[in-house]
Amino acid sequence: MISTSLLTEFKTLLGKDNVLDSESDRHSYSYDAAVLDAVIPELVLRPTNSEQLGRTVALCNENKLPMTVRGAGTNLSGGTIPTKEHGVVILTNGLNKILEINEQDLYAVVQPGAVTAKFAAEVAKRGLFYPPDPGSQAVSTLGGNVAENAGGLRGLKYGVTKDYVMGVNFWNAEGEYIKSGGKTVKCVTGLNIAQLMVGSEGTLGVFDEIILKLVPPPVASKAMLAEFDDIAKASETVAAIIANKIVPCTLELLDNATINYVEDFTKAGLPRDAAAILLIEVDGGHIALVEDDAEKVLDICKKHGAKRVQMAKDAAEKNKLWEARRNALPALARARPTTVLEDATVPRSQIPAMITAINNIGAKYKLQIGTFGHAGDGNLHPTILTDRRDKEEFHRVEQAVDEIFDVALSLGGTLSGEHGIGTAKSKWLEKETSKATIIYSRRLKKAVDPNYLLNPGKIIGG
């Protein structure tokens with residue numbers, strides 16, 4: 001239990017409105033987007049400036065309170081579910097400023113609670129581009145994106161969050177300020193701590209400021225929808241596009257179940273009878289080159305069995321296509337009470353084998369699985385529609401997930417392309433890495449967090 005004197009100290013530091021101790025408030029921060037049991041924290045704290053954040057971390061450390069830092073709570077791996085023993089949640093939504101956008105040197109400095117889409121829009125107003133676009137970008141925070149190394153639709157061409165992190169300044173477990181990286185294109189001063197923080201899921205430090213790379217935007221783009229009567233043909237087309245040395249900015253796949261749920265939800269005009277569709281966009285700095293790439297992609301689609309390829313005529317048609325894709329998860333989530341969204345990722349050449357395996361596993365366990373995802377970079381989202389209250393059915397879901405990961409690893413893939421490990425996938429970590437890797441990681445954490453208070457139990461257990 002948190003003592004009355006410590007509670008008073010937190011209220012003096014943060015203001016009583018930023019110390020949430022009622023049961024209803026605490027319950028609101030007991031879960032995230034993962035299908036896992038909720039854990040109600042002892043206390044929820046909301047710093048609104050850097051000094052408050054550092055002192056909050058120091059007080060938690062001095063009083064041996066486990067800390068879970070939370071942005072918007074959109075992660076899908078349990079990374080922001082508090083620890084079961086006297087856990088405290090530290091919110092970053094009070095630290096949401098864009099501190100600098102530098103148009104000459106192409107970088108920005110942000111606080112961890114800045115919302116991804118709002119930041120990207122502000123950057124775009126300056127004629128610049130921040131490519132990472134996770135599906136939750138309308139609400140997700142940049143601190144959360146860095147903590148999870150978030151991806152998105154543009155990852156195929158532009159990379160993921162780690163490719164844009166130039167520096168991370170953070171508070172360590174003792175409340176000391178650590179600077180890493182910088183604002184220059186080249187910086188090899190000291191250990192590359194900034195990249196160590198990427199994907200660390202709050203286990204190594206508490207972010208205070210993040211320095212992000214910006215790039216010039218593309219000047220032209222072409223988007224298209226390719227319709228297939230066989231999902232194998234669609235997945236083979238993905239591999240063929242990449243093999244032809246064309247790198248679209250987005251190359252997305254939706255299977256028949258996903259198409260129909262999306263169409264029910266959005267009325268976007270998707271072909272309901274298609275076994276699969278590919279949503280493809282090419283972009284670049286020269287209109288002629290973009291048009292040439294688009295024609296090549298169209299030809300490849302037709303050669304590999306596309307029934308029809310529809311080219312977006314204008315920006316409105318293009319936006320309608322991508323709105324349909326971004327609504328895939330919300331549309332599927334309406335079908336059943338529980339949605340188990342995974343992100344098994346394989347080398348792009350193994351997409352056909354992975355899709356076949358997912359369909360076979362769904363049939364084996366009598367489960368409804370809608371598959372969509374970033375096919376161009378091998379990152380699929382098999383989405384199991386179920387009801388967690390049905391224990392027998394959910395046991396079959398767990399067996400199916402085990403097999404999906406086993407197949408992904410057997411094909412040279414990974415447990416997670418963008419969702420992170422958290423607690424949801426930590427039990428499989430040794431299968432992909434090794435026992436020695438986990439021990440090494442635990443030693444590293446112990447060195448920087450000797451009291452094991454920074455998001456304990458996440459990624460590497462322990």
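Here is a walk through the structure above, going from its sheets to its helix pairs and then to a few single residues.

Before we start, keep in mind that this is a predicted model, in which local features need pLDDT of at least 70, side-chain atom pairs count only at pLDDT 80 or more, and totals for chains, interfaces and linings use all residues. Residues are numbered from 1 along each chain as its sequence is written, and side-chain values use heavy atoms, with hydrogens and water left out.

Let's begin with the sheets. The labels you'll see come from DSSP runs numbered from the N terminus: helices are H or I runs of at least four residues, and strands are E runs of at least two. Strands of a sheet pair through backbone hydrogen bonds, either parallel or antiparallel. Two strands are said to pair here if DSSP finds at least two bridges between them.

Leu45, for instance, stands opposite Ile90 in E4. Contact, by the way, means heavy atoms within 4.5 Å. As for the angles, they run from 0 to 180 degrees between N-to-C directions, and the axes are lines fitted to C-alpha atoms, for helices over the stretch in contact.

Now for the other open sheet, which has five strands in the order E5-E6-E9-E7-E8 and antiparallel pairing. Which strands stand at the edges? They are strand E5 (98-102) and strand E8 (177-178), each with a single partner strand, so one side of each has no neighbour in the sheet. E8 pairs with strand E7 (residues 165-171) in the antiparallel sense over two bridges, and Tyr177 in E8 is the bridge partner of Trp171. H3 turns up again here: this helix (residues 50-62) lies across E7, E8 and strand E9 (206-213), running at about 135° to E9. Helix H4 (residues 116-125) lies across E5, strand E6 (107-110) and E9, at about 35° to E5.

Next come the helix pairs. Two packed helices are described by the angle between their axes and the distance between the axes. Take helix H8 (residues 231-243) and helix H10 (residues 287-303): their axes come within 9 Å and cross at roughly 140°. That makes H8 oblique to H10; angles under 35 degrees count as roughly parallel, over 145 as roughly antiparallel, 65 to 115 as roughly perpendicular and the rest as oblique. Thr237, Ala240 and Ile241 of H8 make the contact with Val297, Ile300 and Cys301 of H10. Sorted by class, these residues are five nonpolar, one polar and no charged. Here Ala, Val, Leu, Ile, Met, Phe, Trp, Tyr, Cys and Pro count as nonpolar, Asp, Glu, Lys and Arg as charged, and the others, Gly among them, as polar.

Compare that with H13 and helix H14 (residues 391-410), whose axes come within 10 Å and cross at roughly 160°. That makes H13 roughly antiparallel to H14. Met354, Ala357, Ile361 and Lys364 in H13 meet Ala400, Glu403, Ile404, Val407 and Ala408 in H14. This contact has seven nonpolar, no polar and two charged residues.

Finally, let's zoom in on single residues. Val282 sits in strand E12 (residues 276-284) and counts as buried at 2% relative accessibility; buried means under 20% relative accessible area, exposed over 50%, and partly exposed in between (1.4 Å probe, protein chains only). Leaving out residues up to four places away in sequence, Val282 touches several others, including Val297, a residue of H10 that also takes part in the contact with H8. Glu227, in strand E10 (residues 220-228), is buried too, with a relative accessible area of 5%.

Is Lys366 buried or exposed? Lys366 is exposed, with a relative accessible area of 69%, and is found in the loop between helix H13 (351-364) and strand E15 (368-374). Its phi is near 55°, a positive value in a residue other than glycine. Asn149 also has a positive phi, near 50°, but this residue is buried, at 18% relative accessible area.
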